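Please look over the sequence and the structure before reading on.

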Amino acid sequence: MRLIPEPSLRKRTTLRLGGKALAEVWIEKDQDWEQLPELVQDFGGTPLVLGRGSNVLAMDAELPFVLIRQEGGLSEFFQQRAGRGEAVVQGGQTLAGFLAECKRRGWSGLEGLIGIPGTVGGAVAMNAGSYGCTLGERLLGVQFWTAERGLFWLDAGQLRTGYRLFDPGIGEGFWVASKAKFAFAKSEPGKIHAKMREVYFHKKATQPILNRTCGCVFKNPKPGVSAGRLLDRCGLKGYRVGDMGFSERHANFLINHGQGRSTEALELIAVARERCRGQFGFELELEVKCISK
Ligand code: EPU
């Protein structure tokens with residue numbers, strides 16, 4: 001286990017916003033979980049799992065959290081049986097690294113997720129999805145950690161997943177997705193590469209994936225209705241407050257143009273909600289995870 005005092009959220013999130021937390025704990029091996037409750041208690045804060053910080057809007061304030069981070073390391077288990085592939089992956093593994101391994105092996109099913117910058121654990125916990133593909137559809141099971149139960153597995157059938165929804169049904173308490181098991185269809189590396197390339201270039205053309213963003217800010221209010229399209233029609237493409245602004249490319253992305261502040265981001269969110277409510281009658285719900293005191 002590694003411990004880092006006063007970690008800066010600004011340095012740990014893709015939107016580059018946020019003050020300092022109390023501490024950051026890196027889980028390096030299974031035994032480290034056992035020490036976690038006491039450690040969090042010693043710091044007097046609330047535990048908060050942070051993957052790659054790519055779906056996070058953190059406030060520029062002192063944040064009373066102990067950040068829990070997991071080491072990656074590529075999958076410990078890859079096996080092929082009955083024409084399908086199965087993999088158990090560490091929660092801290094980058095999604096990009098995992099998808100590269102799937103491509104190399106010719107395992108198909110998650111190509112649409114290419115270009116999402118998070119970890120496997122984060123993508124599971126948010127049921128990440130794009131281009132007609134969601135992580136939940138490929139899940140066979142998830143290993144969790146909770147203070148009460150330690151490490152334990154639940155089968156996919158015991159989990160509730162939906163659009164940007166993941167509910168393991170283990171109550172309100174703190175939990176971490178420490179590993180996940182997936183099933184894939186067997187295909188060919190060349191085909192998977194071609195599909196990923198197509199998705200990536202489409203994404204790059206329609207979303208600001210090379211800027212400092214936190215992905216989509218709002219959930220789509222109902223199936224087939226794009227929050228980005230609504231915000232675009234409200235005239236918010238490129239709309240700025242200080243150094244924060246909605247993207248010119250896709251209006252559901254906030255961009256930090258350099259010295260952005262969380263208060264500017266909140267102001268933009270309030271303007272977007274108000275306009276969307278006034279113009280279309282939709283109450284936009286945040287998709288990004290807000291980290292505040
Ligand atoms: N559109 C506009 N203006 C905009 C943005 C979009 O007119 O500013 C139009 C597009 O031209 C298109 C339609 O709206 O006709 C839908 O756009 P897009 O394909 O980008 O899909 P989306 O519904 O806006 C969702 C996800 C994205 C995901 C894409 C592709 C949500 C909130 N967003 O966006 O996910 O990458 O589909 O599958 O569900 C994320 O979750 O962080 C995210 C980026």
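A polar contact, as the term is used here, is a pair of N or O atoms within 3.5 Å. The model described below is predicted.

## The ligand and its surroundings

In the side chain of Ser-226, an N or O atom is 2.8 Å from an oxygen atom of the ligand. His-250 places a polar side-chain atom 2.9 Å from an oxygen atom of the ligand, whereas Ala-251 uses a backbone N or O atom, which lies 2.8 Å from a ligand oxygen atom. Taken alone, the ligand exposes 820 Å², and the protein buries 72% of that area.

The shell around the ligand holds 19 residues, of which Tyr-131, Tyr-163, Arg-164, Cys-216 and Glu-287 come nearest. Helix 5 gives the most to this shell, with 3 residues.

In soluble globular proteins, nonpolar side chains tend to be buried together. In this model, the largest nonpolar core has 36 residues, and those with the most contacts inside it are Leu-9, Leu-57, Phe-218, Leu-254 and Ile-291. At least two residues of this core come from each of strand 4 (56–58), strand 5 (65–70), helix 5 (227–233), strand 17 (244–246) and helix 6 (262–280). Helix 6 gives the most, with 6 residues. Domain 1 (2–70) and domain 3 (227–291) each provide at least three residues of this core.

Leaving out residues up to four places away in sequence, Leu-57 touches Leu-15, Leu-17, Ala-265, Leu-266, Ile-269, Val-288, Lys-289, Cys-290 and Ile-291.

Ala-21 is found in the loop between strand 1 (2–5) and strand 2 (23–27). Is Ala-21 buried or exposed? Ala-21 counts as buried because its relative accessibility is 4%, under the 20% limit for that class. Beyond its neighbours within four places in sequence, Ala-21 is in contact with Glu-6, Pro-7, Leu-9, Leu-63, Phe-65 and Leu-67. The C-alpha atoms of Ala-21 and Pro-64 are separated by 5.8 Å, although these residues are 43 residues apart along the chain.

Glu-62 lies in the loop between strand 4 and strand 5. With a relative accessible area of 65%, Glu-62 is exposed. Glu-62 touches Lys-20 and Lys-293, not counting residues up to four places away in sequence.

## Positive phi angles

Most residues other than glycine have a negative phi. Asn-127, which is not a glycine, has a positive phi near 45°. Asn-127 is placed in the loop between helix 3 (120–125) and strand 9 (129–130), and it counts as buried at 3% relative accessibility.

Tyr-131 also has a positive phi, of about 50°, although it is not a glycine. Its place is the loop between strand 9 and strand 10 (133–134). Tyr-131 is partly exposed, with a relative accessible area of 33%, and it is one of the residues that come nearest to the ligand.

Conventions: Residues numbered from 1 in each chain as written. Predicted model: local features only at pLDDT ≥ 70, side-chain atom pairs only at ≥ 80, totals over all residues. Heavy atoms only, no water. Core = buried A, V, L, I, M, F, W, Y, C linked by side-chain atoms within 4.5 Å. Buried < 20%, exposed > 50% of the residue type's maximum accessible area, 1.4 Å probe, protein only. Helix = DSSP H or I, 4+ residues; strand = E, 2+ residues; numbered from the N terminus. Domains from an automatic or database assignment. Contact = heavy atoms within 4.5 Å. Near = heavy atom within 4 Å. Polar contact = N/O pair within 3.5 Å; in protein donor to acceptor, adjacent residues only side chain to side chain. Areas by Shrake-Rupley, 256 points an atom, 1.4 Å probe, with all protein chains shown as cover.
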